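Hello,

Here is the structure we talked about handing over. My notes on it follow below.

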Amino acid sequence: MPARPSPDRAGSAPRAAAHAFLSRLRHPSTVLVAVSGGSDSVGLLLALHHALKTSGSPHRLVACTVDHALRSGSAAEAEAVSRRCGALGIPHTVARWSHSGITSGLQAEARLARYRLLSEAARDFRADLVVTGHSQDDQAETIAMRAARSPQTFDAGEPPTIGLAGMADAVLFARTLWICRPFLNVRRQAIRDDLTSLGEGWIDDPSNDDPRFERVRFRQAGPDVAGQGTGNILQDAISHRLKADAAISELLTDHVRVHAAIAAEIALADLDVTDIHWQRLLAVLAATLAGKPHPIGQDTAVRLFATLQTDMAGATTAGGCVFERRGGRLFVYRERRNLPPPVTVQPGQTLIWDGRFAIDNHGAAAITLMAGADRTLVHRLTAGGLPTGVAGRVAQASPGMLLPDGATADPTAFSLTPVIAPYDTFLPRFDRMIAQSIAALFNRAPFPTCPVDDISTK
């Protein structure tokens, strides 16, 4: 691994950050830079290019511009980035998003499309990771927005809350591609000052000044917002979050049992729902069992935990799951409301069912997938230790396969893979310990390690 450069060698703050980032790469890598043409991403591209030229690092840069085609001029801007990369000798591609037919949630869809297109570009370039130009200003805005939205969320823990840890320096997308943020400790003005000193320009996206967007409103609130989320407060919050995640991971491993990836069991003697770690564990576990990418909402969570603190047997529902106390144990499983209708899976087709399972039909015949169709499931669940009544209710909300004539499908003709909904699409490096424990409980392969060392644990 190349030695970390001295400040004099690195030069400006952006260049120092680029040198430091490259020094943390564990292996010689192809790094794909996501370049929009704005100051942050152009600054990142040039800083990494300079670092590679001056450090002798055994890495390679490639670049991609995602054209969302949401405003006039975006195609020309992407081509301008392509010419800039060409002048630097950096291979570049433009990925264009087709968003016809999308009528709502455009911003969320655009974000998902951006990472999907970057992932495809990384595959084509055989890149090992993607880097984006998120800056310290973006970090501060993120923390300010989280604090304003929910200053005392149930899963935040004792101050400093986990939300104050801000954006992770690395996020795993779709279980395959790590997306890293080398500039999280670099101010936007420092990036722009560096570009100006080099005689380099950038493109200003007008949407960055559109007050319809929450982030823009916080950005326009003034310098106080831009100064938040740095220094000791941020580091304390990161440390707190990592310690909390380690504790939750240990609780998952030591005290939670999962049956057939559809029901969880916890001994009531082990459960302490007044403890913030147990509360967050239950929230993430329920999200996984219900196939939801986000944990239970705050108001619902407060009601749930109040109910679970009583000694009464019985069941309550929250976040799409049943929480049933029976025989000294707590059982958590998908409730029977809002289950998907029967769906046909054609040969060679893969689809996600109820957010909980990826179904791959590799047989020769179409298969009908529907809840409650597995006739052997109750027996298997009771043999594994679930009470008969609980097993019956779990089975009614669980997937089963049938051939068109009603016969049970050949189990060798399809595969059912549990989906870890909170983490299979986006996994912040902060939460990797929790995700690994859940993956083990649901009999999934481990999540891959980030190719960049984590300085927050040093």
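Arg337 and Glu335 form a salt bridge, with 3.1 Å between the closest N and O atoms. This is a predicted model, and everything here should be read with that in mind.

Asn338 belongs to the loop between β11 (329-334) and β12 (343-345), and its relative accessible area of 69% makes it exposed. Asp354 also has a positive phi of about 60 degrees without being a glycine. Its place is the loop between β13 (350-353) and β14 (357-361). Is Asp354 buried or exposed? At 18% relative accessibility Asp354 counts as buried, because the cut-off for buried is under 20%.

Back to charged pairs. The structure holds 25 salt bridges in total. Side chains of opposite charge can pair when their charged atoms come close. One of the pairs is Glu200 with Arg84, at 2.8 Å from N to O. This pair connects distant parts of the chain, 116 residues apart: Glu200 is in the loop between α7 (188-197) and α8 (214-219), and Arg84 is in helix α4 (residues 74-88). Glu200 is partly exposed at 30% relative accessibility, and Arg84 is partly exposed at 22%.

Glu324 and Arg326 also meet through their side chains in a salt bridge, at 2.8 Å from N to O. Glu324 is buried, with 3% relative accessibility, whereas Arg326 is partly exposed at 41%. There is also a network of salt bridges that links Arg24, Asp169, Arg429 and Asp454.

The largest nonpolar core has 93 residues. Leu48, Val131, Val256, Leu281, Leu282, Phe323 and Tyr423 have the most contacts inside it. Which residues does Leu282 touch, leaving out those up to four places away in sequence? They are Ile266, Leu271, Val273, Phe305, Leu308 and Leu330.

Regards

Note on methods. Residues numbered from 1 in each chain as written. Predicted model: local features only at pLDDT ≥ 70, side-chain atom pairs only at ≥ 80, totals over all residues. Heavy atoms only, no water. Core = buried A, V, L, I, M, F, W, Y, C linked by side-chain atoms within 4.5 Å. Buried < 20%, exposed > 50% of the residue type's maximum accessible area, 1.4 Å probe, protein only. Contact = heavy atoms within 4.5 Å. Salt bridge = Lys/Arg side-chain N within 4 Å of Asp/Glu carboxyl O. Helix = DSSP H or I, 4+ residues; strand = E, 2+ residues; numbered from the N terminus.
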